[in-house]
Structure formats: structure tokens, C-alpha cells
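Here is a friendly walk through the charged pairs and helix packing of this model. Keep the 3D view open as you read.

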Amino acid sequence: MSDPLVVAEGVEKLFGPQIVLKGVSLTVAPREVVCIIGPSGSGKSTFLRCINHLERIDAGTLEVDGELVGYRRAGDRLHELRPHEVASRRAKIGMVFQRFNLFPHLTVAENVVEAPCRVLKRPKREVVAEAETLLERVGLAAKRDAYPASLSGGQQQRVAIARALAMRPRLMLFDEPTSALDPELVGEVLQVMRGLAEDGMTMIVVTHEMGFAREVADRVCFMDDGCVVEEGPPRQVLGDPRHPRTAAFLSKVL
Amino acid sequence: MRALPIQPASASTADAVEAGGPGGGQQRSAPVVVPLRHWGRWIAAALVLVVAGALVSAFATNPDIDWSAVPRYLFSGSILRGLWHTLLLALLAQGVGIALGVLLAAMRLSENPVTRSVSWLYIWLFRGTPLLVQLIFWFNLGLVFHTISLSVPFTGLTLFSESTNTLITPFAAALLGLALNEGAYMAEIVRGGLLGVERGQTEAAYALGMTPGLTLRRIVLPQAIRIIIPPTGNEFINMLKTTSLASVIAYDDLLNGAKNIYNQNLQTFELLIVASIWYLVATSILTIGQFYLERHYARGSSAALAPSLVEVWKRSLTLRRMVKA
């Protein structure tokens, strides 16, 4: 097996006096799809946000692609990275948010083109051509000149996925990508994510969609109260959970 | 498109059938809708007209106002020069004020405690003292600093030196006073705008690998502008009028132009009317400009675009209820 892409060891996170993550460890191999499930408030979104340093971790280590997140190791010391160094590492990790967070003042195409042009400094013509392909892939080529406010939630989320993919990320993080959608729009977003997984994208997906986890994930990880309670193949975790807390959670959502 | 009048719920199905065309079933005509009559509005309008008419006639028929002087001085050289100086000062002071405001707001929201404190102190100082006092301060700077010079420390090398009274002309003092004071107010307006942009926008930009500076310039500031424009338009209109304070430090503005004339011919009231007409013309043009600027930056927002300004006025003046959708 090749080197893991994400290695988390004993990650802890505090919000004031409250301990949100109590030593989370997780390893994700390239091309692997890991779904993180669990009740709200279990710390799964926080853990995902730690992976691209939107949240700073308070203890433990977190490595993506062999590099520490947010720090540089020099001997036995860790040096905090400068903002532009953090930014250039984040550029290799795509993230899709629950509330889409498209840029409302830019058209669909401009949303996709902005970061590759400005951050990676790639030539505009090449990026625009690639954006067309990406929008076609998510089925929204016709909406390229529309503003996000005129799109449905499902369409906005598909644009958000295309926007993240335009950076050619090595890893994609999904933070409850379908939780803010009307039920009839969930399918179109999951369809795009399924396609990504089939193409071999490494994905960490925080989700409540048990059907998606069962069919697409290589591994399911159940988190509760800031800890990873149980992880394993979807059939085992979802079908035959070993831990009573997993069983209790699944009995409520399935 | 013709909008259907509001129907009682029970009638809706029958009307839907009827709307399907002739011979669509039941023969029932839609009930006539009587809009609420606003008698009070008509009475109020009549009262307003009476009071306004009385006021106008009090001025128009006043034997002590020489109305013919107004058009005579409206385009006189002294007045037009003063108008130009007022516009120039307002434009420059507002421009510098906006630039300062953006800088101070970014400093205030930064994580750096030094820039944060400097910004806080600046706003505290300039917002906390009267503008008129600041103007007189700048104008009298020469009393305490006789020369202003720029030199390289520890070398005795002087790059530039000039007497303060030569440098601080009435225009320079007015521009300094107005711009620095405006910067403090604009900083708070810009800060409010930046805070009004959803946190998720910054996170999405960060997640795409954008640096804080790039995020501010490309993502947050363009969205904040929509929030910033209305109060800034207000500030600019205020600025245009506040420039009249500069007449106190002998700056040759519109008010001073009028003053120079009425000090000679004693037609004080007439020349103040002349000056007021020009102030009103300038602020009206700014108001129109602000409307179209707001419309431009509303793109991409879910709110429907307002029609033209004339349309907006027409609507606000209609006394009857609009039946058309």
C-alpha cells in the first residue's frame, strides 16, 4: 500500500473550556473514500475543518501528503507557518461546505476560475477551458453566466464542487454537502460525488446520507463525543456495529 | 400581464375554471374588488398644500427680498469660482477619506495588536474632537511648528524644508482637516461593511488557497461595497455641505464667494439663497449618482433591481393603490 495521504494522531481541539475533539486518529490512503458519520455535536465537522487548518488543533499531529498541517518541523520544534504558506498548502485540498459558500458577486464561471487564476497563476484561457469541462461534468455548462442566487441549492452545490476541483486538489473534504438541500435535490449532488469517487479522488465526507456511505465509502468512521468510536468497512459498521453507541445512533437514523 | 384581483378562497376554484376560457363550465363573474379608500391621505395632502403655499407666498411677496438679485448673482464669477473650489475640496477630501477608511478598517480588523490599537486611537481622536476645532488647528499649525522639514536621522542631511505658513494654505488646511476627520468616520462604515459579509465567504476563499490579502481584495471587499455605498453617499453629501466650514479659515469656497459679495452690497439673504441653490443642485446630482451606483452593485443579489429613478418617484407619489401587479 502506498503512503497514506492523511494521517491524524491524537488530534485534540478545544473551544474555550469545551473539549470538542478528544484525541482523534484516522489514516486515509490515496484514492480512498472515507465517510464520517455521527450525531451532531460529535466533532466530525470540526475534525474535517482541522484537516485544512480552518481550525487550529490544540494537541496531536495532523499530516496531509507528508506535510504537517499549519506547521513546519525543524529538529524537535514546530514552527507555525506564515499565512501565505498555510494558503499554498490549502490550495492542494478541496473543500465543499454545507452552505455552499459560492461567491455571490461572481458568475458561476467566475467562481470556478477565480482561484486557479489568482492562486495558482495559471493562464486565464487554459483555466476557462478547464472550467467549461468541469461545469459540463457537473451538468451546469448552460449556467456559466448565471449568478449563484438564481440557482437551486443542488445546482449551487454542484458549482461549489466544480470550483474546488478546478484547483486540481489531491484530497477533497465534504462537510455535510447535502444537509442544506431540499430532499429532491440531494440525489444530483450525490451523483456527482459518486462519479468523483469512481475516478479515484481521495475523499473525506462528513454526511448523514447512510445510503451514500454504504454504497460509495471504502471505510465508514463513526464519531461520538469527540472520539472515533468505531471504524471499518461500511457493511460492517452500518450493518453489524460492534459498539453499542454506534448501534444506538444507527437505530435512530436508519 | 394583467394581475387577477384578490379573490376569496372559496371562489378560486370556480374562477380557475372560468379562466380556462368561454364555455368552461359555470357562468359566474368575478366579484368587483373595492380597494380601501384612504380619505386621510387626501385630507393630509390638501393641508400640506395649503401650508406650503402660505410659506412660498410669504417669501415671494416679501418686499425686503430682492428676488431679481438671485438670477443676477447665480452665475457671477465669484460664485462659480467658489462652487468649483467647494466641489474640488469635497471630492478630494472624500476620496482621501475613503482610502483612509479602508486602510483603518482593515487595520482595525487585523489580528495584529499594533495596527488594531493605532486604528482605534486614530478613530478615537478624530471622531472625538469637533471638526471646526480640527480645521482651525491645522490652519494655525505654523504657530507651533515654524518649518516643516524632512531629514535623514543621525546624518544632518535635510531633504526638504519649508516654512509651515507657505505649505499650509487655506486649501491645504481644509483638505487635511476634512480628509483626516472623514477617514475616521469612513473607517467605521467600511468596518461595518466588512463585518456584514458572511464568515463562510472568507472560509471558502481560504479553502481555495487564497491568502488573507487576496481574500479581502477579491471576495470580501467587493461584497462589502454593497453595504458601504448607501452610508458613503450620505457622507459625501454631508461632506459637500461641511466644506462650508472651511470659509472660517479663509478658504475661497461657495459660502465665502457669497459672503464676499454680500459684505459689499448687503444683500445677505439673496446671496445665501444663491449659495443654497448651488448646494442643492450639487447634492441632488450626487443623490442620483448614488441611486445608479447602488443599482450597479446590487448585481448577483437576490433583491430585484429597482427600475429607473423616475419610476421610483412616480410610485412614491401615487396616492391611489396600485392595482396593477
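This is a predicted model: local features need pLDDT of at least 70, side-chain atom pairs count only at pLDDT 80 or more; totals for chains, interfaces and linings use all residues.

## A buried charged pair

Both Glu176(A) and Lys44(A) are buried, each falling under 20% relative accessible area. Glu176(A) sits in the loop between strand S9 (171–175) and helix H6 (183–198) of chain A, while Lys44(A) belongs to helix H1 (residues 44–51) of chain A, so the pair ties together parts that are 132 residues apart in sequence.

## Two pairs with more open surroundings

How far apart are the closest N and O atoms of Asp65(A) and Arg170(A)? They are 2.9 Å apart, and the two residues form a salt bridge. This pair also links distant parts of the chain, 105 residues apart: Asp65(A) is in the loop between strand S4 (59–64) and strand S5 (67–68) of chain A, and Arg170(A) is in the loop between helix H5 (153–165) and S9 of chain A. Asp65(A) counts as partly exposed, at 35% relative accessibility. Arg170(A) is partly exposed as well, with a relative accessible area of 42%.

Next, look at Asp199(A) and Arg137(A), a salt bridge whose closest N and O atoms are 2.7 Å apart. Here the distant parts of the chain are the loop between H6 and strand S10 (202–206) of chain A, which holds Asp199(A), and helix H4 (residues 124–137) of chain A, which holds Arg137(A); they are 62 residues apart. Asp199(A) is exposed, because its relative accessible area is 52% and exposed means over 50%. Arg137(A), at 43% relative accessibility, counts as partly exposed.

## A network and the overall count

Salt bridges also link residues into a network: Arg49(A), Glu55(A), Arg199(B) and Glu203(B) are joined in this way. Over all chains, the structure holds 29 salt bridges. As background, side chains of opposite charge can pair when their charged atoms come close.

## Helix packing in chain A

Are H5(A) and H6(A) roughly parallel or roughly antiparallel to each other? They pack at an angle of about 20°, with their axes 8 Å apart, and are therefore roughly parallel, since angles under 35 degrees count as such. Their crossing is right-handed.

On the H5(A) side, the contact is made by Gly153(A), Gly154(A), Gln155(A), Gln157(A), Arg158(A), Ile161(A) and Leu165(A). H6(A) contributes Leu185(A), Glu188(A), Val189(A), Val192(A), Met193(A) and Leu196(A). The residues of this contact divide into 7 nonpolar, 4 polar and 2 charged.

## Chain B and one of its helix pairs

Chain B has 13 helices and 2 strands. Of its 325 residues, 33% count as buried. Among contacts in chain B with a separation of 6 or more, 67% come from residues 24 or more positions apart.

H9(B) passes H10(B) in a right-handed crossing.

Which residues meet between H9(B) and H10(B)? From H9(B) come Gln201(B), Thr202(B), Ala205(B) and Tyr206(B), and from H10(B) come Pro212(B), Thr215(B), Ile219(B), Val220(B) and Gln223(B). The residues of this contact divide into 5 nonpolar, 4 polar and no charged.

Definitions and conventions. Residues are numbered from 1 along each chain as its sequence is written. Chains are lettered from A and ligands numbered from 1 in the order in which they are written. Side-chain values use heavy atoms; hydrogens and water are left out. A salt bridge is a side-chain nitrogen of Lys or Arg within 4 Å of a carboxyl oxygen of Asp or Glu. Helices (H or I, at least four residues) and strands (E, at least two) are DSSP runs, numbered from the N terminus. Buried means under 20% relative accessible area, exposed over 50%, partly exposed in between (1.4 Å probe, protein chains only). A crossing is left-handed if the near helix is turned anticlockwise from the far one by less than a right angle, and right-handed if clockwise. Contact means heavy atoms within 4.5 Å. Ala, Val, Leu, Ile, Met, Phe, Trp, Tyr, Cys and Pro count as nonpolar, Asp, Glu, Lys and Arg as charged, and the others, Gly among them, as polar. Axes are lines fitted to C-alpha atoms, for helices over the stretch in contact, and angles run from 0 to 180 degrees between N-to-C directions. Angles under 35 degrees count as roughly parallel, over 145 as roughly antiparallel, 65 to 115 as roughly perpendicular and the rest as oblique.
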